[in-house]
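Please try each task before reading its solution.

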Amino acid sequence: MAGRWKGGGGEVVGSIYSVLALVLILVACVELGDAATAVDVYRLIQYDLSGAPYGSRLAGLNHHAGAAPFAPGADLSRTVVILPVRELNLTFLQEYIISKQPLGGLLLLLPQDIHHKSAGGNKSRNFGLLRSILSELEQLLIHVNLPYPVYFAYEDDKINAVLADVRRGDATGQPATATTGGYKLVVSTPEPRKASSPTITNIQGWLPGLVGDGTTQLPTIAVVASYDTFGAAPALSVGSDSNGSGVVALLEIARLFSRLYSSPKTRGRYNLLFGLTSGGPYNYNGTMKWLRSFDQRLRESIEYAICLNSVGSWNNELWLHVSKPPENVYIKQVYESFSEVAKELGVTVGLKHKKINISNPRVAWEHEQFSRVRVTAVTLSELSVAPELLQSTGGLYDTRHIVDETAIHRSIKLVVESLARHIYGYEGKNIQIFADNSSLAVNPSYVKSWLDLLSRTPRVAPFLSKSDPIISALKKELSDHTDEVHVQHESIDGMFSFYDSTRATLNIYQVASVTFDLLLLVALGSYLILLFSFLVITTRGLDDLINMFRRPPSRKAKAA
């Protein structure tokens, strides 16, 4: 009998253990079931400016999802608010941010068609509205300290389905919580760390002019463009117009003049210096350090510099921004030359004079860094007003679709014809050196290929390594068209600090409520008890089952 109990008891215990293991697995899976979807997300920038914290200060996320509108006074401290940008109520967001109300997190959904400009009618108006919303949203987010994770993601069918489910739950008066279930948004990533000694990289190329008899040093003309960007999401800041368009224009200008300078017969008596600078959004920090690296002879040889900034999204008017008075001989010469060519192209060039304050380290335009070292310079831009710090530097809306290739072609033509007429002494003469359909014409394919590349390459300087592919590509391209290409690596000034963790994977789980968990546990527990009782009765009998639950006799009773 004892042997039977041992054998039968072992079977019973084994069966019980199997059932218990199954129950534990089921219970563990109740809270987080299968992932509904996983999406790529892009974190709001985190940086310090003169020690003051800005942007999103956290990266990890593990809260239930919610969608607006919310009841007044609702506690959202453990809720990730999903906000589609195309439906964004900026007033709601401003109230939460300005009043510093707690949020579990913020997920902003960007429309897929942000990369594809729609033409005509309501679509065009909607695009203009979307661009305005994105611009306001970006400025709101990057100039405040947000003590919770903020992410951007693109709309797609999966995430739209999740949002619809969340809205249905909220509409019934049962927003997602631990007791009601719903969707949980999880980003598992280490907390951001401060980037140590982020670098900025300047690239320069040189086209030497033709030295004549008795000439000791030729004058130099510099063409400059800042290639990096800044935006709310570093991993999305491609800056197609600001300042991808300026970089594309510079590369094509270098390519065109390299063809002229390749032969002594057509080489001008000016040196041409091309500079691709970094740190543009950060007070043109790279430009300042690049200029300081010049020896005195080079600096003194620069007759003037043309800085290209946002030249890819204009219709009929560009602006020449200057620091020196319009009566200055070089400023007057440049403006008259540009105006003459602009008239032939059927466009206009306006002149904007803005003095610089030497005591204020803040500069609004790249040419102001040249002015600080007493070098005449101008900035050619579609922008009529100087932007504020960290504005108009390649935001979320500054993508490929807002750039008009025709505008870039006209910008290039304006610069190369103006420069050529000055270099070769053709001022006042309607002579087209870079005429369309000639061997020196602007190459639309070249412009398009570089614009496409820059429009899919985020270029926020602190997150670009010295050997980043885009830096290597720019260096190689400048090497193909100029001589003595030089790369300069510098550190960003200490007033700016940046933090890593710019992108992550968001896992969205559909979770059951605690009530459901408890009911499931009760059901499984009842099933276990019944199964256990049945196994004991069939192997040992009802009396043994009853005896198992009786209190064992005390030791004193046994001794007696």
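Predicted model: local features only at pLDDT ≥ 70, side-chain atom pairs only at ≥ 80, totals over all residues.

**Exercise 1: Overall make-up**

Residues are numbered from 1 along each chain as its sequence is written, and side-chain values use heavy atoms, with hydrogens and water left out.

Task: state how many helices and strands there are in the protein.

Solution. Next, with contact meaning heavy atoms within 4.5 Å, 83% of the contacts between residues at least 6 apart in sequence join residues at least 24 apart.

**Exercise 2: Nonpolar cores**

Task: find which residues have the most contacts inside the largest nonpolar core.

Solution. A nonpolar core is a set of buried Ala, Val, Leu, Ile, Met, Phe, Trp, Tyr and Cys residues joined through side-chain atoms within 4.5 Å. The largest one has 64 residues, and F257 and L308 are those with the most contacts inside it. Helix α5 (residues 240–261) gives the most to this core, contributing eleven residues. Apart from this core lies another, of 47 residues, among them L103, I142, Y148 and F152. Returning to L308 and leaving aside its neighbours within four places in sequence, its contacts include V223, N243, A249, I253 and V415.

**Exercise 3: Strand pairing**

Task: determine in which sense β3 pairs with β2, and in which sense with β7.

Solution. Two strands pair if DSSP finds at least two bridges between them. Strand β2 (residues 46–49) and strand β3 (residues 52–56) are antiparallel over four bridges, with L49 opposite A52 in β3. The two form a hairpin with two residues between them, and S50 in the turn has a positive phi of about 55°. On the other hand, β3 and strand β7 (residues 145–146) pair in the parallel sense over two bridges, where G55 stands opposite N145 in β7.

**Exercise 4: Charges over rings**

Task: identify which ring lies under the charged end of R57.

Solution. A charge sits over a ring if NZ of Lys or CZ of Arg is within 6 Å of the ring centre and within 35 degrees of the ring normal. The charged end of R57 sits over the ring of Y499, 5.1 Å from its centre, and R410 lies over the face of W314, at 4.4 Å from the ring centre.

**Exercise 5: Backbone exceptions**

Task: decide whether R374 is buried or exposed, and whether S501 is buried or exposed.

Solution. Most residues other than glycine have a negative phi, and most peptide bonds are trans. R374, in the loop between α9 (367–372) and β16 (377–381), has a phi near 65°; at 74% relative accessibility, R374 counts as exposed. S501, in the loop between β18 (496–498) and β19 (503–511), also has a positive phi, of about 65°, but S501 counts as buried because its relative accessibility is 17%. Turning to peptide bonds, the one from A68 to P69 is cis, with omega near 5°, and P69 lies in the loop between β4 (61–67) and β5 (79–84). A cis peptide bond also joins S242 and N243, with omega about 5°, and N243 lies in helix α5.

Definitions and conventions: Buried < 20%, exposed > 50% of the residue type's maximum accessible area, 1.4 Å probe, protein only.
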